Amino acid sequence: MASSSSSSKTGLKKMLTLKSSDGDEFELEESIVIQCQTIKHMVEDGFSLIPLQNVDTKTLTKIIEYMKKHAEKTESNKEEIKNFNKEFVKGSFDDQFELVSAANYLHINGLMDLLCQSIADRINNKSVRAVREIFNISNDYTPDEEEKVRDEHKWAHEGGEFDESLD
Amino acid sequence: MDRGKRPGRSLAARNNKIYLDFKDIIREHALLFLPAKSLCKFRTVCRDWRLQISTPFFAHNQSLSCRSTSGIFLQTPGGSPSLVPIDANSCGVPDPFLRFLPEPVDIKSSSNGLLCCQGREGDKAYYICNPVTQQWKKLPKSDANHGPDPAIVLLFEPSLLNFVAEYKIICAFPSADFGEATEFDIYSSREDSWEIAGEICFGARRVMPKSGVHVNGVVYWMTTGSMIAFDLTKERSQLLQGYDTRILGAFGGKLCKVNVTGGSINLNILVNAHTNTMQMGSRSRMWSEKQAVVLDSKIVGDLARNYSVLHVDSEIMVVQDGERTYSYDFKSRATKVLSSRADSHSRCLPYVNSLVAL
């Protein structure tokens, strides 16, 4: 404990090191990192070097960016955080899948909700076929079954032009 | 013993939440942010999705997560209701005319996916329904006389711990015993009965039936020349001045009123409900101007306008101009044409496309 507190400039802030699956290390204040439930539990168990074998450097950098911004959250910068969130969820589906897997593993609830809401908004208008492609889901219905399931909620397949694009 | 015979993948890893595939994460965490129509559409994606979407627990979680106004119900007096979705792809119900109910009805109030309707015939019974699942329930008759066009507000707040939807209905009705007084009748789904509150609001003239709004445990109605506030927890009422008010709404957890002058629409927030008791010359004001809304002239055109606001909440405002109805999205500031043939006497109710079970 003594060594970690003396390494920070103020002498008060406890620092932690996160290590990505690529072996890169990131030093952060504990107060920022405990937004993440998984790490919080490890800190409580006395760890100060935290290896994250499921999170690569690229994803971890993004997640640290998120945690740093959200640690600054106050009453007055709500608008700024909102804009940050808006920018944060831009990016390809693949980027979002990496992030959502990491957020789920790390238990960062706020980030999880942000990403899931964003993914939901993006697939909302998609056709069934497009959704299968995007998530790489194989259709395990027989054609007859699929027709039957479709007929159960026919109204949900009508009244709109569904988006076939994959981005 | 059997484990050794299973080929390939390790079972332990599959059952371990840490190593969840992103597909499973999406299914478990992202789908519940989708509105009901999209979910019914996505039942055909694969068996796992259908199973996930069909469970009562999922419906419960979806009603908690998917909370934005995704359409409006319009109804002309005596006509059948219609649903105008803000996005036709994702918001919808199987039968917007509500023909699954046992008789033709008037929609009286709407709250987080549930509708409160009143039958037109016989004893004018109240019904609660979810138009997506078409589940419905007939409410018991009240002892009070609510009058020909009751001022009803349905209150339904999805709650994590209440697996069964719990809701209340508040009706402001003219007192039978006192002239120019209003009483309050409250239905609670938990007790499945009506109870008249002890509170009587004197001096309140005719309550406007369509004006009721619920904000943070208080229900507000417009009357001719004023407003009534009824606090549900304290069961106390209060008369507020509000003679220039046309429409009330809930905006960011506060009561708001909208004033229209010519082509400009101004949104005001109730900041102090006690200005009438402040000392003389006090500078505290009842309303504070929140924002001015300017509809996109590319969509509404440059002609002289006669706006009337049909609905306002934190997310959208619905504005009528002649036969056209527009929606204004507070987040994206986008104006959209919702309908180009609306009757000016239409009743307009916000609707959330929820799977909530009754």
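Let's begin with a sheet in chain B: 3 strands make up an open sheet, ordered β2-β1-β23, and their pairing is antiparallel. Keep in mind that this is a predicted model.

- On average, neighbouring strands here are turned by 30 degrees against each other, if you ignore direction.
- Strand β1 (residues 71-75) of chain B is joined to β2(B) by 4 bridges, and the two run antiparallel.

**The β7-β8-β9-β10 sheet**
- This open sheet in chain B has 4 strands in the order β7-β8-β9-β10, again with antiparallel pairing.
- β7 (151-156) and β10 (193-202) of chain B sit at the edges with a single partner strand each, so one side of each has no neighbour in the sheet.
- From one strand to the next, the twist averages 20 degrees.
- Strands β8 (residues 167-174) and β9 (residues 181-188) of chain B run antiparallel and are joined by 7 bridges.
- Lys168(B) has Ser188(B) in β9(B) as its bridge partner.

- How do the axes of α2 (residues 22-30) and α4 (residues 47-54) of chain B cross? They come within 10 Å and cross at roughly 25 degrees.
- Angles under 35 degrees count as roughly parallel, so that is the word for α2(B) and α4(B).
- The crossing of α2(B) and α4(B) is right-handed.
- On the α2(B) side, the contact is made by Ile26(B), Arg27(B) and Glu28(B), while α4(B) brings Asp48(B), Trp49(B) and Gln52(B).
- Sorted by class, this contact between α2(B) and α4(B) has 2 nonpolar, 1 polar and 3 charged residues.

**What the UniProt record labels**
- In chain B, an unreviewed UniProt entry lists residues 27-56 as "domain: F-box".
- That span of chain B is 67% helix and 0% strand, and its end C-alpha atoms lie 15 Å apart.
- In chain A, residues 14-71 carry the UniProt annotation "domain: SKP1 component POZ", also from an unreviewed entry.
- Residues 14-71 of chain A are 47% helix and 22% strand, with end C-alpha atoms 15 Å apart.

Conventions: Residues numbered from 1 in each chain as written. Chains lettered and ligands numbered in written order. Predicted model: local features only at pLDDT ≥ 70, side-chain atom pairs only at ≥ 80, totals over all residues. Heavy atoms only, no water. UniProt positions renumbered as here; feature names shortened; annotations may be inferred. Axes fitted to C-alpha atoms, helices over the stretch in contact; angles between N-to-C directions. Parallel < 35°, antiparallel > 145°, perpendicular 65-115°, else oblique. Left-handed = near helix turned anticlockwise from the far one by under 90°. Contact = heavy atoms within 4.5 Å. Nonpolar A, V, L, I, M, F, W, Y, C, P; charged D, E, K, R; others polar. Pairing = 2+ DSSP bridges.
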